[in-house]
Each structure stands twice: as C-alpha cells, then as structure tokens.
Amino acid sequence: MLDIQLLRNDLAGVAARLATRGFALDTTRFQGLEAQRKTIQIRTQELQAARNRISKMIGQHRGAGHGPDDEEVGDLMREMQNIPDQLKEAEKQLGEIQNELQQLLEVIPNIPHSSVPIGKSEADNLEVRKVGNIPQFDFVAKDHVDLGEKLGLDFDTAAKISGARFSVLKGGLARLHRALAQFMLDTHTEQHGYTEVYVPYLVNADSMRGTGQLPKFKNDLFEIRRETFIARGVAIGPDGNEIRQSETAGLDRAQEMFLIPTAEVPVTNMVRDEIVPLEKLPMKFVAHTPCFRSEAGSYGRDTRGMIRQHQFDKVELVQMVHPDESYAALEQLLGHAETILQKLALPYRVVKLCTGDMGFSAALTYDIEVWLPAQNTYREISSCSNFEAFQARRMQARFRNAQGKPELLHTLNGSGLAVGRTLVAVLENYQQADGSVVVPEVLRPYMGGKEKLTS
RNA sequence: GGAGAGGUGGCCGAGAGGUCGAAGGCACGCCCCUGCUAAGGGCGCAUACGAGCUUAAACUUGUAUCGAGGGUUCGAAUCCCUCCCUCUCCGCCA
C-alpha cells in the first residue's frame with residue numbers, strides 16, 4: 001500500500017510513475033473521495049467533540065451529587081438531544097467513505113524505483129549479467145520430461161491422484177529433490193547468516209492482505225473454507241424486549257484460509273503488527289515450504305513437465321531491514337540466490353525487470369533465469385524483490401528507530417531457489433548421452449555419495 | 001468434542017457505567033543528588049488519523065483506539081449479543 005500522504009501531496013507525480021508500469025490511477029475518483037472524506041470527517045469529529053464535552057459535564061454534575069432531574073443536568077440533556085442521531089449518521093457516512101478509499105488504495109501497485117527500466121513486457125527487461133558456460137552436447141539434448149520418465153518422474157500417476165499440473169517423484173529423483181532443498185537451506189543458514197524457520201502453509205486473509213496477494217489476486221490462490229455455525233445474536237433491552245442484532249453477526253473473515261503461494265507470505269507476516277527493536281535488524285529468514293498456485297489464466301502455458309505446477313517446493317529468503325539498507329540488502333540477497341546456482345555449476349543470467357513486468361508489491365525486482373538446454377533458453381528460477389515499505393505499511397510492521405519512534409520496515413524476499421525448477425535444470429544440464437544424469441558434486445553428500453542417476 | 005478461566009499501553013497489572021488514554025510497577029529517555037558499580041529524587045515516555053501553523057520538522061488542537069464487530073445509553077474498558085484468540089483440566093489424536 002502506498003502512503004496516502006504521498007497521494008495527497010503529489011497525486012499527479014504518483015499517477016505518472018504508476019503509469020510507467022501500466023497502471024492507470026483514477027485521480028478524479030481519489031480527489032473526489034478525499035474531498036468528501038475531509039468534509040465528513042470534520043463534521044463527525046465536531047459532533048464527537050460536542051458529545052464528549054457535554055457528557056463530561058453531565059458526569060461532573062452527577063459526581064457532585066446532582067440527580068438526573070436537576071436543572072443543570074436537564075439543560076445539558078436538552079443540548080445533547082439531537083447529537084446522537086446526527087453523529088450516528090455522520091459516522092456511517094465516514095465509514096463508507098473510508099472503506100471506499102481503503103479499497104482504492106489496496107489495489108494500487110507499488111511505485112517502481114527510479115532505476116527500474118521503463119517497459120511494457122518481459123521483452124523490455126534489462127539483462128544485468130550472464131554467468132556460467134552453456135553446456136554443449138554431442139547428442140540431441142532431451143528435456144526433463146523425457147529424461148525423468150526413466151528416472152522416476154511420473155505425471156500419469158499424479159494426474160490420477162490429483163489432476164493436471166501435479167507430479168510424482170520416485171526413487172533417486174525424489175531424493176535429488178530433497179537433496180536440493182537441504183543443500184540450499186544449509187548454504188543459506190551456514191554461509192549467508194539466515195535463520196531457518198518452519199511456518200504454517202495455511203494462512204488467514206490478513207496475512208494474504210499484508211504481503212499483497214489480497215484483495216487483488218484471489219484467483220491465483222487455493223482457498224479453504226471452514227464450515228462454521230453462524231449464530232444470530234439477540235440482546236435484551238432495558239424494556240425487556242429483544243433487540244435485533246446485526247445481520248452479519250458471527251460472519252467473520254477468519255473462517256477462510258488460504259494455501260500459501262510462497263513462503264514469503266507466512267515468513268514476512270511474522271512481523272505483522274510488531275515493533276521490532278533496532279538492534280534486531282536486519283532480520284534474515286530462510287524457509288523451505290511447498291507453494292500452491294491455482295495458475296488460473298495460464299491454461300495452455302507450460303503444460304508439459306514440471307515447470308508450472310499447482311504444487312512445488314521453494315526455499316525462500318526473506319529479510320526485514322532498515323529503510324536505509326534495503327537496496328544494499330537486495331544486492332546481497334540476489335548474490336545469495338546466485339551462489340546456489342554457482343555451486344551447482346548451472347549457467348544463468350540475471351535480469352532486472354522493467355516497470356511493466358514487475359509484481360504488484362515490488363519496487364525493484366531481479367529475476368534469475370537458469371539455462372534449460374532442451375528449451376534452448378533461460379527460464380525463471382528465482383525472483384528477488386525489494387518491496388520497500390509497501391508490504392510493511394499493509395502489515396503495520398515497524399521498528400523503533402534511533403529516535404525511539406516507530407518507523408516502517410523495508411521487506412525483501414527472493415527464491416533461493418525454486419526447488420522444482422532447479423531439479424529440471426539439473427536434469428537437463430547434467431544429462432548424458434545414455435539418458436543418465438550426473439549428480440552435481442555439491443549434492444553428493446546429500447545423496448549418500450551417489451554420482452549418477454540411472455534407470 | 002466437554003468443562004472452566006482469560007484477552008487492558010514496549011512488558012506486568014489495577015479499574016467493573018461518568019471528571020479514564022486509562023492507577024501502580026518494570027523497562028526506557030533527560031535532569032538532579034550521591035559517588036563507586038548499587039541506590040535515591042524530579043520530569044518525561046502509546047499509536048493512528050484529521051485540522052491549524054509550516055518548505056519541513058517541531059508545536060498547538062480535535063478524534064479514534066482497553067482482542068474484533070454489533071447493540072443498549074445523554075455517556076461504555078466497564079452492561080448485552082456474536083465471533084476470534086490464549087491458557088487450564090478431561091476426552092480424542094499424528
């Protein structure tokens with residue numbers, strides 16, 4: 001979420017910068033809502049002030065021993081007569097306006113950092129560097145589906161159990177998958193200073209809102225509804241009669257939960273509604289979790305193989321840092337993810353996403369793309385972003401600054417790496433003419449010393 | 001699943017319709033005293049939003065916030081309803 005002050009002070013400037021990422025900010029609507037908000041808020045607060053003042057005076061008189069029928073009290077009661085109804089109406093209007101403003105704000109994406117290249121699509125992304133040598137084969141390179149068929153990659157069984165976009169791994173391949181995740185976790189905890197965390201895979205709506213998946217991207221999520229009894233409350237009034245309660249009594253958003261699309265959600269939300277002491281910064285966490293994505297709208301794309309699945313594993317790096325440090329932290333985090341590819345000796349390139357290709361919450365994103373021989377191209381294997389205060393503002397995630405005042409944190413995260421896609425990359429880059437796959441050296445300790453996967 | 005107890009500021013904890021943004025304590029900050037590692041005294045110390053002033057900050061002022069939402073009332077931390085969460089005991093369970 002953007003700072004509403006920024007929108008008030010420099011609406012045109014914000015709109016111009018959002019336009020570079022293809023977002024049309026409805027400035028007229030914003031200004032209209034703001035004008036209404038201002039009028040109604042002032043009126044509401046005036047009424048509240050009047051109510052408080054008179055109530056307080058009544059209280060003073062009553063405290064001094066005056067009864068409700070005494071003249072002083074009676075005068076005040078008359079003065080109050082019309083205020084509660086007017087106030088109720090004003091508060092209702094104010095609530096509606098503020099909801100509208102909130103809804104408008106919640107779907108505005110982050111402002112791109114000034115260094116982000118302006119562009120419309122991934123074609124306009126900026127290649128930062130290429131690392132590693134692309135392998136040359138003296139045979140026709142197979143893709144991971146063909147290679148995996150003999151090694152224990154089974155889509156038919158997965159389709160029977162669940163459906164399309166799932167996979168079953170068996171034997172050495174399942175172990176290789178586990179080895180990759182463990183190798184990544186160990187590297188980040190032992191060499192890069194991250195604290196390993198185990199987190200829930202089901203989260204509530206507040207968490208999804210905090211990192212920006214809600215309200216805009218609900219369609220991308222798997223949702224779990226809990227069946228609960230909704231009671232209708234009844235209160236007894238002073239006259240002994242029943243008072244009807246709100247129609248929505250008992251309806252609560254906590255009844256819906258969501259499967260995490262990335263560990264970013266639970267891990268980043270650890271600091272939601274927290275004020276962390278300055279000396280705890282930077283906070284660096286790594287988590288290995290499954291990720292669940294509905295992939296609605298991607299029908300027909302990457303239908304072959306395990307590139308795009310409803311369920312995949314990822315080792316995720318998350319940092320909460322001082323605002324002054326966040327861009328330095330992003331470079332470091334990117335380096336941490338790259339280290340994994342380097343240790344696996346997989347060729348890759350780093351790309352800086354253009355304004356049009358960045359995710360909703362990011363101010364700056366680097367993608368790491370790994371070389372896939374069978375596709376003869378680089379494919380995304382990691383995405384590392386600085387969200388600045390965008391998520392922190394939604395989450396009210398703060399730290400106490402040197403002056404002792406709470407200030408919004410900056411949050412970052414990056415895949416380090418996507419395990420499924422790394423498995424694909426290992427299979428394709430380490431394949432042999434006979435269809436076997438050499439185990440990368442760094443993984444062998446995790447594979448019981450095994451050097452090669454064969455059928 | 002059954003029974004019970006709770007959710008108050010950074011933390012602990014009082015308050016049980018009015019003068020309560022909330023006693024007291026701890027922690028923290030500044031000052032004083034003392035001087036030797038511990039103690040005494042004073043003052044300050046929530047957050048968000050609005051308005052005024054302003055380049056901005058500071059400041060002044062208003063409002064909201066005692067788990068969340070709703071209701072009763074001239075007035076709710078306090079009474080009523082619903083929900084959420086935590087803890088204890090029993091049951092079940094990986």
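Author: What follows is a conversation about the terms used for this structure.

Author: This is a predicted model, in which local features need pLDDT of at least 70 and side-chain atom pairs count only at pLDDT 80 or more, while totals for chains, interfaces and linings use all residues. Residues are numbered from 1 along each chain as its sequence is written, chains are lettered from A and ligands numbered from 1 in the order in which they are written, and side-chain values use heavy atoms, with hydrogens and water left out.

Reader: How is chain A divided into domains?
Author: Domain 1 of chain A covers 26–106, and domain 2 covers 122–199 + 262–453; such bounds come from an automatic or database domain assignment. The C-alpha centres of domain 1 and domain 2 are 52 Å apart.

Reader: What makes a set of empty points a pocket?
Author: Rolling a probe the size of a water molecule over the atoms shows where empty space is left. On a 1 Å grid over the protein atoms alone, a cavity is a set of points where a 1.4 Å probe fits but cannot get out, whereas a pocket is an open set with protein on both sides within 12 Å along at least five of seven lines, and lining residues have an atom within 4 Å of a point. The second largest pocket holds about 270 Å³ of space, where grid points are joined across faces, edges and corners and the volume is the space filled by probe spheres set on the points.

Reader: Which residues lie nearest the centre of the second largest pocket?
Author: They are Ser167, Val168, Leu169, His177 and Gln311, from a lining of 15 residues. Two or more lining residues come from each of α7 (155–161), β3 (168–169), α8 (171–191) and β12 (311–321), and β12 gives the most, with 3 residues. These names follow DSSP runs numbered from the N terminus, helices being H or I with at least four residues and strands E with at least two.

Reader: How does the lining of the second largest pocket divide by residue kind?
Author: The lining has 8 nonpolar, 6 polar and 1 charged residues, where Ala, Val, Leu, Ile, Met, Phe, Trp, Tyr, Cys and Pro count as nonpolar, Asp, Glu, Lys and Arg as charged, and the others, Gly among them, as polar.

Reader: Why is Gln93 called partly exposed?
Author: Buried means under 20% relative accessible area, exposed over 50%, and partly exposed in between (1.4 Å probe, protein chains only). Gln93 has a relative accessible area of 33%, so Gln93 is partly exposed. Gln93 is placed in helix α5 (residues 83–106), and its C-alpha atom is separated by 9.1 Å from that of Thr44, 49 residues apart along the chain.

Reader: How do you know that Arg78 and Asp75 form a salt bridge?
Author: Side chains of opposite charge can pair when their charged atoms come close. The rule asks for a side-chain nitrogen of Lys or Arg within 4 Å of a carboxyl oxygen of Asp or Glu, and Arg78 and Asp75 meet it at 2.7 Å, N to O. Both residues lie in helix α4 (residues 71–80), 3 residues apart, about one turn of the helix. Arg78, at 52%, counts as exposed, while Asp75, at 39%, is partly exposed.

Reader: What is the distance between the closest N and O atoms of Glu127 and Lys130?
Author: The distance is 3.9 Å, and the two form a salt bridge. Glu127, Lys130, Arg349 and Glu369 are linked in a network of salt bridges, and the structure's count by this rule comes to 19 salt bridges.

Reader: Why are Arg308 and Glu295 called buried?
Author: Arg308 has 14% relative accessibility and therefore counts as buried, and Glu295, with 14%, is buried too. Arg308 and Glu295 form a salt bridge, with the closest N and O atoms 3.4 Å apart.

Reader: Why is the pair of Phe217 and Phe360 called edge-to-face?
Author: Rings of Phe, Tyr and Trp (its six-membered ring) pair if their centres lie within 6.5 Å, and planes under 30 degrees apart count as stacked, over 60 as edge-to-face and the rest as tilted. The ring centres of Phe217 and Phe360 are 5.4 Å apart and the planes stand at 70°, so the pair is edge-to-face. Ring pairs also link Phe217, Phe360 and Phe390 into a cluster, and the structure holds 6 aromatic pairs.
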